[in-house]
Amino acid sequence: MDESQLSLRLSTAASYVEQGDRLADIGSDHAYLPCALASNGKVAFAIAGEVVKGPFQAAQNQVNRLGLTKQISVRLGDGLEVLSPADEVSAITICGMGGSLIASILDNGFKKGHLTGKERLILQPNVGEVMLRKWLVDHNYMITAEDIIEENGKIYELMVAVKNPTEKSLATASQLTFGFYLKDKNSAIFKKKWQKELEKNQYILASLTKSSVDQTAKIKLIEAEIQEIEEVLK
Ligand code: SAM
């Protein structure tokens, strides 16, 4: 198993793992990501963390089957609680969950001291990108890279973040919503995502204007969102 056998979503996340990283993959159902990266020698050590027994067992079976037990430690536990300082983790991947769940895993880890700030975070939220970006910026992380991909009819965003030990991280509302780099990449997938959002908002606006109760406040909000998206799509 190597990176080429991963889904596009996971292989994109894997591309941000650096040669020699000590990796923790949190929410590691089947341990696909650490197995691919350990198999091709990109990581010499990885942790596959899982909170649910079934996926934990599936991850353990996969690691055993591929003979990777020396390189990959499969651990049952909630979020970053499976990590200890001796692991000296340099990169954490959290993929395939909602942005709010990823942010809560990071937040719990931060509060309990499992997130040291030395790790590069490679995050792939299925939804809820805005609140995840907000958590990162509020906790002084700098988003250093972003990607957007489409697989099986779904669009996914990925982000890489590192702690900024000196300066306070700042972001505009527009950067939190549309990302720091995605707009400038001018990608067809980015445009497709926001065209869909635009159409959704236009549909909501049409329904609100037909409502028999006063929807002025909501209408103003949706109109502002539509205007913002139209600006970005220009
Ligand atoms: N990361 C894989 C991927 O992207 O294909 C698996 C994604 S799967 C949809 C999400 C996994 O995260 C599930 O196996 C779930 O049990 C696990 N999970 C959810 N919350 C977790 C937590 N707090 N700590 C560890 N694992 C968690």
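Modeller: We start with the model itself, then turn to the domains and their contact.

Modeller: This is a predicted model, where local features need pLDDT of at least 70, side-chain atom pairs count only at pLDDT 80 or more, and totals for chains, interfaces and linings use all residues. Residues are numbered from 1 along each chain as its sequence is written, and side-chain values use heavy atoms, with hydrogens and water left out.

Biologist: Into which domains is the protein divided?

Modeller: Domain bounds come from an automatic or database domain assignment. Here they give domain 1 (3-171) and domain 2 (189-233). Their C-alpha centres lie 33 Å apart. Contact means heavy atoms within 4.5 Å. Domain 1 puts in 7 residues and domain 2 puts in 5.

Biologist: How much area do domain 1 and domain 2 bury between them?

Modeller: Buried area is the accessible area (1.4 Å probe) that two parts lose on being put together, summed over both. For this pair it is about 540 Å², with 60% on carbon and sulfur atoms. On the domain 1 side, Ile 148, Glu 150 and Ile 155 lose the most, together 76% of what that side buries.

Biologist: How many salt bridges are counted between domain 1 and domain 2?

Modeller: A salt bridge is a side-chain nitrogen of Lys or Arg within 4 Å of a carboxyl oxygen of Asp or Glu. The count between the two domains is 3. Lys 192 pairs with Glu 150 in a salt bridge, and their closest N and O atoms are 2.8 Å apart.
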